[in-house]
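Thanks for coming, everyone. Please bring up the sequence and the model side by side.

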Amino acid sequence: MSAPEDVPQLLTSQDEEGFRTRWQEIQNRFVDDPREAVHEADGLVADVMQTLATTFSQHKQELEGQWSQGGEADTENLRMALRKYRSFFNRLLSS
């Protein structure tokens with residue numbers, strides 16, 4: 001049996017809570033101003049996507065640092081880097 005994978009966190013707890021709060025506020029405003037609510041929902045989704053892109057960039061830099069340091073990386077370091085890429089990939093797809 002394989003060891004459980006480290007599941008990378010895509011959003012901080014604070015980010016997630018803030019996005020959920022904004023979403024709730026948007027839904028509450030829909031009755032009074034549907035057009036504005038949809039416009040704000042579009043902005044919220046764009047903000048979430050930007051945050052995810054930033055998170056991916058940070059994870060990518062961290063992972064690249066593991067395998068690209070000075071010439072030859074040993075197989076164990078490469079295996080660990082690949083496992084972390086797999087964990088991140090699976091986490092993205094399950095979102």
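Let's start with a question: which residues does Thr-55 touch, not counting residues up to four places away in sequence? The answer is Gln-9 and Leu-10. Contact here means heavy atoms within 4.5 Å.

Before going on, the ground rules. This is a predicted model, so local features need pLDDT of at least 70, side-chain atom pairs count only at pLDDT 80 or more, and totals for chains, interfaces and linings use all residues. Residues are numbered from 1 along each chain as its sequence is written, and side-chain values use heavy atoms, with hydrogens and water left out.

Back to Thr-55. Thr-55 sits in helix α2, residues 34-67. Helices are DSSP runs of H or I with at least four residues, strands are runs of E with at least two, and both are numbered from the N terminus. A polar atom of the Thr-55 side chain lies 3.0 Å from the backbone oxygen of Leu-10. Is Thr-55 buried or exposed? Thr-55 counts as buried because its relative accessibility is 11%. The cut-offs: buried is under 20% relative accessible area, exposed is over 50%, and partly exposed is in between, using a 1.4 Å probe and protein chains only.

Now the overall layout. The protein has three helices and zero strands. Along the sequence, the pattern reads α-α-α. Of the 95 residues, 16% count as buried. The protein exposes about 7400 Å², and carbon and sulfur atoms supply 55% of that. Those areas come from the Shrake-Rupley method with a 1.4 Å probe; for residues, only the protein chains shown count as cover. Take the contacts between residues at least 6 apart in sequence: 55% of them join residues at least 24 apart.

How confident is the predictor? The score is pLDDT, given for each residue from 0 to 100. The protein averages 83, and 82% of the residues score at least 70. Among the elements, helix α1, residues 13-29, has the highest mean pLDDT, at 95. The lowest mean belongs to α3, at 79.

Next, the core. In soluble globular proteins, nonpolar side chains tend to be buried together. Which residues make up the largest nonpolar core here? There are six: Leu-11, Phe-19, Ile-26, Ala-37, Ala-41 and Leu-44. α1 and α2 each supply at least two residues of this core. α2 gives the most, with three residues. The term nonpolar core means a set of buried Ala, Val, Leu, Ile, Met, Phe, Trp, Tyr and Cys residues joined through side-chain atoms within 4.5 Å. Look at Ala-37 in particular. Leaving out residues up to four places away in sequence, Ala-37 touches Ile-26, Arg-29 and Phe-30.

On to charges. Side chains of opposite charge can pair when their charged atoms come close. A salt bridge is a side-chain nitrogen of Lys or Arg within 4 Å of a carboxyl oxygen of Asp or Glu. How many salt bridges does that rule give? Three.

One is Arg-20 with Glu-16, whose closest N and O atoms are 3.1 Å apart. They are separated by about one helical turn, because they are four residues apart in helix α1. Arg-20 counts as exposed, at 56% relative accessibility. Glu-16 is partly exposed, at 34%.

Another joins Arg-22 and Asp-47, at 2.8 Å from N to O. This pair links distant parts of the chain: Arg-22 is in helix α1, Asp-47 is in helix α2, and they are 25 residues apart. Arg-22 is partly exposed, with a relative accessible area of 31%. So is Asp-47, at 35%.

Then there is Arg-29 with Glu-40, at 2.4 Å from N to O. Here too, distant parts of the chain are linked: Arg-29 in helix α1 and Glu-40 in helix α2, 11 residues apart. Arg-29 is partly exposed, at 37% relative accessibility.

Last stop, helix α3, residues 75-94, where we find Leu-92. Leu-92 counts as partly exposed, since its relative accessibility is 37%. The C-alpha atoms of Leu-92 and Leu-52 are separated by 9.2 Å, and the two residues are 40 apart along the chain.

Terms used. Polar contact = N/O pair within 3.5 Å; in protein donor to acceptor, adjacent residues only side chain to side chain. pLDDT = per-residue confidence, 0-100.
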